[in-house]
Amino acid sequence: MFGSLSSTVLSLMIGSYASSAVTFPGVKLIYDAGVSFTLIMWMWAGLAGLVFLNCFLNWPGEGFATQEEIEMKMKQSDENHKLSVEEVTGETEKPLAVVQDTQSSVPFRRSVFSPIFLWSLITMGMTQLRIIFFMGAMNKMIEFLVTHGVEDPTEELEHEAKQKVSYYSSIFGTLQLLCLVTCPLIGYIMDWKMKECEVDQKTVRGEKEAVAVPKRDRKIQKLTNAMRAFIFTNVLLILFGILSLIDNLPLQILTFILHTMVRGFIHSCCGGLYAAVYPANHFGTLTGLQSMISAVVALLQQPLFMIMIGHLNGNAYRINVGLLIVSFAGFLLPGYLFYHRRQLIQMKARGKANGLTPVENQALNQPLANGHSNGHVPQEA
């Protein structure tokens, strides 16, 4: 729907989803005012029913064509025109097997077991566990920063701890609105120079054909942008993990901000990556599968929380150190994206060296692209 700004709009939508946690301080105020928790949940269920009704009534009649599908139709139209001319003149230039249909269906199994998707599962699972554990254990960690693990705190210390927990949890909930402000940043990174990948009026002329080509290779540019976005997000995640180890309560506000940014960024990165390298008809299923597996991995927060309040007496330092070490696994996905991008660049260079046209080069390179479950392959730039 949004062309070269698709990732920016996607990140804005994900930011609105992530910022929904801002309702936490509102619900807390309603509960503190004396409204029963059961009534609050029934009201919440009613709002969820309205959302379902809205989605049901606004179901689109037909899907939107992606930019790649539009460009592919243009190429197919050019090829059909060229073949009709050859039928009239009796001339042929290249074997027809070379100029094959690159929109051949890609099996869903190939997309699921592709390296990019498998690496993304590791990255998303690890990140989800990291940020959700922090959300679940935040109150206990703030309490420990106030009491420092005193077994029999005085009444005054207990009262101070409760006040600090209430104050900082309200700040954390309010800061969730930052998702709406920060998420478009990662979308901008994902859409960097994508406008130059759209087909313009310039043509590359062979002996008897003309093919419209973009200034930049859409596929390679998307991989480059996704790689940068994941690196940036992982750097923020590492910084968040380091700050959470520091025994300073006011500094935790900066940790809240980084937590909010990472929570919105990681979903935007993953959604933009799937849209870049997988067929459009696999996007929704892959996103749902990734969300489900990440949620299952995030269930590990419960045993970690039990260890923290039990064996560690509320001190989450060791667990945070372990999660910080695990967080470095997030750099494996952009590392593979760099390797995959280099393969595509080399493949494109071989096509130029062989003197192939953009369409022929795309057809010859189809096996490697499908090996990574890509519905399309690099175009000549």
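Author: Let's start with a term: a residue is buried under 20% relative accessible area, exposed over 50% and partly exposed in between, using a 1.4 Å probe and protein chains only. This is a predicted model, where local features need pLDDT of at least 70 and side-chain atom pairs count only at pLDDT 80 or more, while totals for chains, interfaces and linings use all residues. Residues are numbered from 1 along each chain as its sequence is written, and side-chain values use heavy atoms, with hydrogens and water left out.

Reader: Why is C183 called buried?

Author: C183 has 0% relative accessibility, so it counts as buried.

Reader: And what makes C269 buried?

Author: Its relative accessible area is 0% too, so C269 is buried.

Reader: Which classes of residue line the second largest pocket?

Author: Seven nonpolar and seven polar residues, with no charged ones. Here Ala, Val, Leu, Ile, Met, Phe, Trp, Tyr, Cys and Pro count as nonpolar, Asp, Glu, Lys and Arg as charged, and the others, Gly among them, as polar.

Reader: Which helix gives the largest share of that lining?

Author: That's α6, with four residues. Helices are DSSP runs (H or I, at least four residues), numbered from the N terminus.

Definitions and conventions. Helix = DSSP H or I, 4+ residues; strand = E, 2+ residues; numbered from the N terminus.
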